[in-house]
Amino acid sequence: MTLRWTISLFLFLLTASMLINSCKKSDTNRKGPTPLAFTVPPGFPQPVYDFKDNPLTEEGFTLGRKLFYDGKLSKDGNFPCASCHQQFAAFANFDHDLSHGFNNLFTKRNSPGLFNMAWQKEFMWDGGINHLEVQPLAPLTAPNEMAEDVNNIIIKLKADSLYPKLFDAAFGNPEITSQKMLLALTQFVGSIVSANSKYDKVKRGEASFSSEEATGYQIFQAKCASCHAEPLFTDLSYRNTGMPLKVGLMDIGRMRITNKSEDSMKFKVPSLRNVIPSFPYGHDGRFYTVKNVMDHYSDGVQSGPTVDPLVKNKIPLSIFDKFYLTQFLYTLTDSSFMKDPRYSEPK
Amino acid sequence: MKHSFQKILSFVTISAFTLLTLNACKKDKSAEDVQLPPEVKDHNLVLKFKAVIDTVPLEFGKSYQNFFKQSFSVKTFKFYVHGIEMINTDSGKVFRTGADKYFLVDFSDSTTTELKLAVLPYQYNRLGITIGVDSARNVSGAQTGALDPAKGMFWTWNTGYIMAKLEGTSPSSTAPGGVFEYHIGGFKEPDNVLRKPVLLFPFGQSLDLKPGKTSEITVTANIGAWFYNPHDIKFNENPVCTTPGVLAHQIADNYSKMFTVISVVNE
């Protein structure tokens, strides 16, 4: 008798333990992905993108980094994300007003630097994209950029010898979906933070401005900072800075998104962080140097119904102002993030 | 004595086991307002969509005429459905299926035209559906399943889902290649093109879901309805609509009237 209920008790315990484990996704011995911390630099606001819904992990970041540098994501294999977003140019496209895409086509706008993306609420020069995770879909599918179909990308990734393992490591399941690809890309791109320029070191009390830089900073605060607001050096608004329409592009900017005439020729205020290495400037890259940009504000602003009140009467800048401002802009270059091996092309 | 002890033990064992089973895979989903009885396991209602042009079944590539006697043929016809509600207007009871569950009905993929739903057994006389994708899903980043952007129902450059898509060719079209393309979307006010038609059942028929039985509702989606009532959409005037706005609203007004319940079969 004792034996009988010992057996039944044993069976019960066995079944119970099986049931308890039945809902776990994989075997218990397996180690999950390693969590990675996202650090908000001192003085920065809370980021817009919340990694709570896309937990940042070493494996997810590594997968996103590989995807970012992989030409497989483009139709002919020649255009990874990194072809227009080069680390040494602050993830902008070095020395290109417009970039080159599939089939010898030009892009229609200047490639922006990719850093501090987690603080952006909208993406692209016109703000047409409302979420960091879906941002890559635009360049991936645009016929003049990577020109690929999302389904084809997934097919190529599934056929690859490495990707199923990397997806498994990052998400606990080797299945590859567009959602997981986008989440991984977001983990990589969203983690690219630039907050270690001389300016940042001065703010942290680790360095001090030269007298020329300090003068430039004062001019900056007086004449530029209402749009290029610290610490992101953009207020993320859309403004028409009085750049005449360029024949051949006829880019109406944000109006294409909102269909509102008051948004005609408005573009997002770009960050001035890493401004020097990310030349040329303007939504169509028409300004080759920061001097050209300053000349535009002091002498070139064209009037029009939607031109921003802050620039419509031009910004008075003397030749000395421009010199000091340039000295200050040099302090916004963060060379450490441009050389950070975590962001570089994986070996 | 021993015997009764064993009885108690086995009772304890069984109840503990049952409790464990019930809790084993609990998901805290509160999508359903009403708790479904246990016999409704997977689904007990099949909602079938059939594409038609006025009275005849759609064949892709075949030539038809719209209300204005303009010829056209169809290449693509698909739309999003969610928020399916079963309604009894007599008792006022409404059963909402998982509002968060999206279906992309694509008539070139027969696996997508029959929606399997779990519904509280009861009598219903109306079917409510929402055509399109709620604003929340348009602003929350990468989605999957029916909302996977790879389904070709997503605007990449101006974030948002295409709620309904109709493409083809017409000799009357003024667009290059004689094509017509209606990609109807827009989730921000005033361009929100979500439509929530409530469909009547054929006279004398009602959905009578019995416990343990499955019913079937067949709904036609009439492409002909896209072109008139209340708004005239002609291939020579408006062959293309691929942005949110007034025209998208007009076409959505028209297609919100394209559905007819043609049969309700109760098991």
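Student: What conventions apply here?

Tutor: Residues are numbered from 1 along each chain as its sequence is written, while chains are lettered from A and ligands numbered from 1 in the order in which they are written. In this predicted model, local features need pLDDT of at least 70 and side-chain atom pairs count only at pLDDT 80 or more, whereas totals for chains, interfaces and linings use all residues.

Student: What pLDDT does chain B average?

Tutor: pLDDT is the predictor's confidence in each residue, from 0 to 100. Chain B averages 90, with 87% of the residues scoring at least 70. Over residues 16–32 of chain B, however, pLDDT stays under 50. For the complex, the predictor gives an ipTM of 0.85 and a pTM of 0.87.

Student: How many of the residues in chain B are buried?

Tutor: A residue is buried if 20 or more other C-beta atoms, placed from the backbone, lie within 10 Å of its own. Of the 267 residues in chain B, 33% are buried.

Student: How is a pair of packed helices described?

Tutor: Two packed helices are described by the angle between their axes and the distance between the axes. Axes are lines fitted to C-alpha atoms over the stretch in contact, with angles from 0 to 180 degrees between N-to-C directions; helices are DSSP runs (H or I, at least four residues) numbered from the N terminus. In chain A, the axes of helix 2 (residues 58–68) and helix 6 (residues 178–191) come within 7 Å and cross at roughly 95°. Helix 2 of chain A and helix 6 of chain A are therefore roughly perpendicular (65 to 115 degrees).

Conventions:
Two residues are in contact if their C-beta atoms, placed from the backbone, lie within 7 Å. Helices (H or I, at least four residues) and strands (E, at least two) are DSSP runs, numbered from the N terminus. Angles under 35 degrees count as roughly parallel, over 145 as roughly antiparallel, 65 to 115 as roughly perpendicular and the rest as oblique. A residue is buried if 20 or more other C-beta atoms lie within 10 Å of its own, exposed if 12 or fewer, and partly exposed in between; C-beta atoms are placed from the backbone.
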